[in-house]
Amino acid sequence: MTTKQLHIIGGGLAGSEAAWQAAQAGVPVALHEMRPVRGTDAHKTDSLAELVCSNSFRSDDAQANAVGLLHAEMRLAGSLIMNSADLNQVPAGGALAVDRDGFAAAVTAKLEAHPLITIVREEVTGLPPEEWQQAIIATGPLTAPSLAEAIAEKTGADALAFFDAIAPIVHFDTIDMNTCWFQSRYDKVGPGGTGKDYINCPMDKAQYEAFIQALIDGGKTEFKQWEGTPYFDGCLPIEVMAERGPETARHGPMKPMGLTNAHNPDVKAYAVVQLRQDNALGTLYNMVGFQTKLKHAEQVRIFRMIPGLENADFARLGGLHRNTYINSPTLLDETLQLKGRTGLRFAGQITGCEGYVESAAIGLLAGRFAAAELLGQQVSPPPVTTAFGALLNHITGGHIVSDDEPGKRSFQPMNVNFGLFPAVEAPKSEGKRLRGKDKIVAKRHAITSRALADCRDWLGIAPEAQAAE
């Protein structure tokens with residue numbers, strides 16, 4: 001067996017895209033997929049890239065939506081997943097939705113027909129053997145127990161999560177700082193802190209009681225049968241706290257002690273919702289202690305009842321579900337390679353990204369990185385100004401480690417969103433400063449224009465080819 005072969009474990013969206021990218025670069029690929037030898041609790045077929053949940057790839061707007069921008073960058077990079085999605089599109093307004101069976105069949109057929117790809121139907125029960133010079137683990141949120149145990153043994157028991165307890169994340173520039181204020185509880189200055197490390201949203205008694213009732217009455221999602229119910233006191237959903245008694249949340253994540261309203265210091269808040277900086281750029285803040293099983297529409301409605309968040313734009317909504325992923329910021333380098341083992345990369349949801357497109361995009365990058373190394377070429381990560389680079393940076397280094405909650409995981413899965421990109425100045429309109437929604441739209445257009453130009457440069461697309469697009 002040639003040492004120039006790339007081995008990929010997992011034939012989902014990430015593994016399929018990684019295999020395609022490497023093979024298109026001229027590298028032989030062995031794609032190991034355990035189905036049908038061993039099934040999972042969620043998959044129904046033996047097809048590669050089977051969609052187990054929604055059939056939507058979300059917005060296809062490359063100008064004003066971050067996932068639409070990621071679509072565009074993947075198309076520029078010759079993505080198999082995007083090509084198959086485009087060929088099997090079904091009507092869905094501004095979203096890209098697909099015929100799930102046709103999509104999976106198209107991906108499978110392309111990979112089976114590629115002369116450099118061998119599909120191996122077997123379960124890989126441990127880490128790739130050392131003689132596999134380059135390997136990618138892309139086994140997703142349903143990684144088989146034996147492989148998960150091997151990964152945990154290699155990376156450390158605390159480095160692998162099996163359930164997400166996700167709190168919502170808000171874009172900072174949509175928080176009303178005329179209502180909210182910066183302050184740490186009791187002005188405590190922790191490691192790397194200033195004493196003003198949280199954004200605080202105050203509630204009076206009537207607001208708090210209405211909010212608690214809304215949490216109780218709000219529609220919830222249910223655990224899938226195979227997920228179990230992983231509640232434990234360290235990550236109770238906020239609505240479960242509310243159901244345990246009206247004062248429970250006020251003595252938990254919403255306690256007002258040690259906080260003074262900078263806008264109205266003589267009035268003591270009855271309860272306070274705190275948000276903590278979530279990324280190094282300071283563009284995203286997470287709602288502390290607000291993991292939830294509320295349905296997404298209910299989360300938006302109820303959490304906008306919080307003073308200061310009436311117009312909040314959510315980069316990610318909360319959840320609690322079965323998901324296997326590693327603590328990528330501490331374990332992976334900027335090319336998705338495991339720091340403790342040369343030539344072993346991770347891709348897809350197991351790295352801590354959310355969503356079909358994001359998983360495939362990380363597979364695309366991992367396949368390109370591994371192929372470049374096998375071909376003796378320079379491995380060059382994409383610029384952080386691109387959707388590729390912004391997502392990669394979040395996974396491998398853009399996250400803040402919590403200093404005030406030792407022992408708790410702070411890195412959690414994330415969809416691509418504009419909060420992951422370096423800031424840009426909103427362009428002026430005829431010399432006038434834009435405000436409100438107009439300013440947000442202008443900034444997003446500036447981000448996407450910059451991203452596509454930088455992505456073309458990274459991919460080496462010649463100027464004449466750009467002009468022809």
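Me: Is Tyr186 buried or exposed, and what is its relative accessible area?
Reply: In this predicted model, Tyr186 has a relative accessible area of 59% and is therefore exposed. The cut-off for exposed is over 50%. Tyr186 belongs to the loop between β10 and β11 (198-203).

Me: What is the phi of Tyr186?
Reply: Phi of Tyr186 is near 60°. That is a positive value in a residue other than glycine.

Me: And what is the phi of Arg58?
Reply: Arg58 is not a glycine either, and its phi is positive, at about 70°. Arg58 sits in strand β3 (residues 56-59). Its relative accessibility is 28%, so Arg58 counts as partly exposed.

Me: Let me step back to the chain. How many helices and strands does the chain have?
Reply: There are 13 helices and 16 strands. The chain has 469 residues, and 53% of them count as buried.

Me: Of contacts between residues at least 6 apart in sequence, how many join residues at least 24 apart?
Reply: The share is 70%.

Me: Where do nonpolar side chains tend to be in soluble globular proteins?
Reply: In such proteins they tend to be buried together. Now the case here. The largest nonpolar core holds 88 residues, and Phe57, Phe103, Phe388 and Phe421 touch the most other members. Helix α10 (residues 356-374) gives this core its largest share, 13 residues. There is also a second, separate core of 33 residues, and Ala167, Cys180, Leu215 and Ala242 are among them.

Me: Which residues does Phe421 touch, not counting residues up to four places away in sequence?
Reply: Among them are Ala66, Leu69 and Leu281. The list also includes Thr385, Thr386, Ala387 and Ala390, along with Val416, Ile447, Arg450 and Ala451.

Me: How are two packed helices described?
Reply: Two values are used, the angle between the axes and the distance between them. Take helix α2 (residues 66-76) and helix α12 (residues 436-459): their angle is about 20° and their axes are 10 Å apart. Angles under 35 degrees count as roughly parallel, and α2 and α12 are therefore roughly parallel to each other. The crossing of α2 past α12 is right-handed.

Me: Which residues in α2 meet which residues in α12?
Reply: From α2 come Leu69, Ala72, Glu73 and Leu76. From α12 come Thr448, Ala451, Leu452, Cys455, Arg456 and Leu459. Sorted by class, this contact of α2 with α12 has seven nonpolar residues, one polar and two charged.

Me: At what angle do helix α3 and helix α4 pack?
Reply: Helix α3 (residues 80-87) packs with helix α4 (residues 100-113) at about 135°, and the axes are 9 Å apart. Roughly antiparallel needs an angle over 145 degrees, and roughly perpendicular one of 65 to 115. The pair α3 and α4 is therefore oblique. Again the term is right-handed, here for the crossing of α3 past α4.

Me: Which residues in α3 and α4 meet?
Reply: Leu80, Ile81, Ser84 and Ala85 of α3 meet Phe103, Ala106, Val107, Lys110 and Leu111 of α4. The classes in this contact of α3 with α4 are seven nonpolar, one polar and one charged.

Me: How far apart are Glu17 and Ile81, in sequence and in space?
Reply: The two are 64 residues apart in sequence, while their C-alpha atoms are 6.3 Å apart in space. Glu17 is part of helix α1 (residues 13-24). With a relative accessible area of 0%, Glu17 is buried, because the cut-off is under 20%. Beyond its neighbours within four places in sequence, Glu17 contacts Met74, Gly78, Ser79, Leu80, Ile81, Ala360, Gly363 and Leu364.

Me: What separates the C-alpha atoms of Thr179 and Asn261?
Reply: They are 82 residues apart along the chain and 8.9 Å apart between C-alpha atoms. Thr179 is in the loop between β9 and β10. Its relative accessible area is 24%, so Thr179 is partly exposed. Setting aside neighbours within four places in sequence, Thr179 is in contact with Pro202, Asn261, His263, Pro307 and Gly308.

Me: Where is Asn178 found?
Reply: Asn178 is in the loop between β9 (169-171) and β10 (181-182). Its relative accessibility is 66%, so Asn178 counts as exposed. Asn178 and Ala262 are 84 residues apart in sequence, with 9.6 Å from C-alpha to C-alpha.

How values were computed: Residues are numbered from 1 along each chain as its sequence is written. This is a predicted model: local features need pLDDT of at least 70, side-chain atom pairs count only at pLDDT 80 or more; totals for chains, interfaces and linings use all residues. Side-chain values use heavy atoms; hydrogens and water are left out. A nonpolar core is a set of buried Ala, Val, Leu, Ile, Met, Phe, Trp, Tyr and Cys residues joined through side-chain atoms within 4.5 Å. Buried means under 20% relative accessible area, exposed over 50%, partly exposed in between (1.4 Å probe, protein chains only). Helices (H or I, at least four residues) and strands (E, at least two) are DSSP runs, numbered from the N terminus. Contact means heavy atoms within 4.5 Å. Axes are lines fitted to C-alpha atoms, for helices over the stretch in contact, and angles run from 0 to 180 degrees between N-to-C directions. A crossing is left-handed if the near helix is turned anticlockwise from the far one by less than a right angle, and right-handed if clockwise. Ala, Val, Leu, Ile, Met, Phe, Trp, Tyr, Cys and Pro count as nonpolar, Asp, Glu, Lys and Arg as charged, and the others, Gly among them, as polar.
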